[in-house]
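Here is a short briefing to read beside the model.

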Amino acid sequence: MTIDPLLFVLGIPLAGALILGLVGHRPFARDINSTASFGTFIAACALTARVISEGPMFAWDREFFIDPLNVFLVTLTAFVAFTTSLFSRPYMKVEVEHGKMTPRRLRLYHSMFQLFSFTMLLALLTNNMGILWVAMEAATLTTVLLVSVYRTPASLEAAWKYFILCGVGIAQALFGTVLLYMAAEKVVGSEGGALLWTHLDQVKGQLDPRIITLAFAFLFIGYGTKVGLVPLHNWLPDAHAEGPTPVSAVLSGLLLNVALYAILRCKVLTDAALQSPMAGQLMIGFGLLSVVVAAFFLSRQRDVKRMFAYSSIEHMGLITFAFGVGGPIATYAGLLHMTVHSLIKSSIFFAVGHASQKAGTQIMEEIRGLIRASPLVGWGLMLGSLAILGMPPFGVFASEFLILTTAMREQPWATPLLLLALGVAFAAIFGRVQPMVFGETALRRLPHPPAVLPVFVHLGLGLMLGLYVPPYLDQWYRQAARMVAG
Amino acid sequence: MSALFGQLINLFAAVLLLLAFGMLSQRKILSLIHLYTLQGLALVAATVVVAYATKQPHLYWSAGITLVLKVFLIPWLLHRVIDRLGVRWDIETLINIPTTMLIGVVLVIFAFNLAAPISALSSTIARGTLGIALACVLLSFMMMITRSKAVPQVIGFLSMENGLFFAAAAATYGMPMVVELGIALDVLVGILILGVFLFHIREQFDSLDIRHLEKLKE
């Protein structure tokens, strides 16, 4: 009898959260944390290997479903969670010595980190649109606790804003889910698992277009709040800037991706039900607005984590735009961009975390000469910034190039706006990061060596995806793109 | 017989909407909690009637969860929180109450218009009430925007959830059981976290005025 790797993918983080919550903070808690994340990653790889060899599969009475679209996100999620847990080891040791973390807070942090991984993986793997909603809401709750872990006035404010805004947003998504269920029930009946995505996918052409239009509007606004699309983005920079840096890394690297994944699933149904590009147009509009607005806000920031948070909004806007344009090439580019953005942005946050610990501040003007104080962190930040700005040969260049060329063909009016925004972002980020890395230094040495390995592993993967997409990965993207683009 | 049940459901839906307006106009935190409890009761009653009329056994369960959670547990938690925090004072609103009510009326009309074509398609006994459910959601949303204190914002959030629950019961005879359990769990955990949060905010700012939480801009 074979053991289902799915059980481990979901079971390990959940068990990890319980154990870490029960044992409290011990010196070995961080080992449990990274071991659990490593185990999850291995299980995710096993799951992937199985899907490659056997094709899409169901599990547990069709409640779970694994196909090319979600399996690559599962692996990515487990991988970034694992490297983040490695990064948080030295980071949290320093925070304890600076008096910002106490044993009780560390216990909360470790336990919630695992629970957050669990909710992300559950959201990706579930076949049930209702459970998807439940998992997204649970992800909000765990990250609220993670953002507010320092208990400073600013972090409480950020967490409150996050809770209220995302709470309201996600409530809209619930209303959308109710409407979706209503539309589905008329076709498949209430006994037939009317919220299971695979069932909906089979009957998507028969769903009532009027109900689906309204349902998609609510779902898009709801999950769009979590993606951080302008004008629903207000919570995102605050939550990124005021929480611990590992949390910023997983927010940008995982949460935004998963929320976008939820929108994608809904879009597939909507497109087929409506026979009109309503969903795509909505995504193009909001995506473009996010890219442009975020680029201009980004150039006015002084706090380094806020700046990169706006950069996440910009990139999420770009991906949403790409999915909105639709078609196999744009969708392929969107999926590729999701992957590289998640890798590169989390590596930037790792470097930024170490840099701001050395400087004792997140204000960019006060961080100077990283390359002398700590060459590896300095190079990590510099290369990461160049990569996220779309410099060749990194992967972001490849995906942005694909998105722009498709945009020129399909939506020519949007191309100048995109180029303008990318230019503004380039000038702003490069102009800020350059003096942070070079120049005279007044930085102190930290008592614990920084975790530079995760930074360079992520950058290396981002570089690889720019030069060469391995055939099996390429195959996945193609299959997923075909599925999404219809 | 089914006409009578239809009327009963409409009646409870109307009560729900009336209570939403009541909350919008209420200045006292204690009364807000009472109104919230009543709203929970109306929701339970409406769900039970739908369950009886349509013989959907899982809706009884859903009504039971609502009863325990929204009529007993959450109001009790809220009472405890405001006792411990000592916040029984009147609430300042950011917009004066008559204006709020007028905007509320506009919202209801909007919600009815939005829901009218949809509810005509529904085959359930309670189809006329989808507009009311949407109106309740929007009114609670409005309440969250216009209140400057943390506790009323939380109550607005909970009341919005009531509206959504009613929408699910009215439009589709409730969501599948596993989803409903998940939602109930999320709401419960959410309110516990918010409760803890209120204490932290008080500790840091010596007040529960959300206007203190406006330092982070852009």
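Axes are lines fitted to C-alpha atoms, for helices over the stretch in contact, and angles run from 0 to 180 degrees between N-to-C directions. Helices (H or I, at least four residues) and strands (E, at least two) are DSSP runs, numbered from the N terminus. This is a predicted model: local features need pLDDT of at least 70, side-chain atom pairs count only at pLDDT 80 or more, and totals for chains, interfaces and linings use all residues. Residues are numbered from 1 along each chain as its sequence is written, while chains are lettered from A and ligands numbered from 1 in the order in which they are written.

**Helix pairs**
- The axes of H12(A) and H13(A), residues 327–359, come within 8 Å and cross at roughly 170 degrees.
- H12(A) and H13(A) are therefore roughly antiparallel (angles over 145 degrees).
- Their contact has 13 nonpolar, eight polar and two charged residues.
- Nonpolar means Ala, Val, Leu, Ile, Met, Phe, Trp, Tyr, Cys and Pro; charged means Asp, Glu, Lys and Arg; the others, Gly among them, are polar.
- In chain B, the axes of H5(B) (130–146) and H6(B) (150–172) come within 8 Å and cross at roughly 170 degrees.
- The contact of H5(B) with H6(B) has 16 nonpolar, six polar and no charged residues.

**Confidence**
- Mean pLDDT (the predictor's confidence in each residue, from 0 to 100) is 91 for chain A, and 99% of its residues reach 70 or more.
- Within chain A, confidence is lowest in strand E1 (57–59), at a mean of 83, and highest in H12 (304–325), at 96.

**Where the chains meet**
- 36 residues of chain A are in contact (C-beta atoms, placed from the backbone, within 7 Å) with 36 residues of chain B.
- H6(A) gives the most to chain A's side, with 17 residues.
- That side divides into 23 nonpolar, four polar and nine charged residues.

- Beyond four places in sequence, Ala167(B) touches Phe175(A), Val178(A), Leu130(B), Ala133(B) and Leu134(B).

**Ala355(A)**
- Ala355(A) is found in H13(A).
- Ala355(A) is buried, with 26 other C-beta atoms within 10 Å.
- Buried needs 20 or more such atoms, exposed 12 or fewer, and partly exposed lies in between; C-beta atoms are placed from the backbone.
- Leaving aside neighbours within four places in sequence, its contacts are Ile367(A), Leu370(A), Val377(A) and Leu381(A).

Key
Two residues are in contact if their C-beta atoms, placed from the backbone, lie within 7 Å. Angles under 35 degrees count as roughly parallel, over 145 as roughly antiparallel, 65 to 115 as roughly perpendicular and the rest as oblique.
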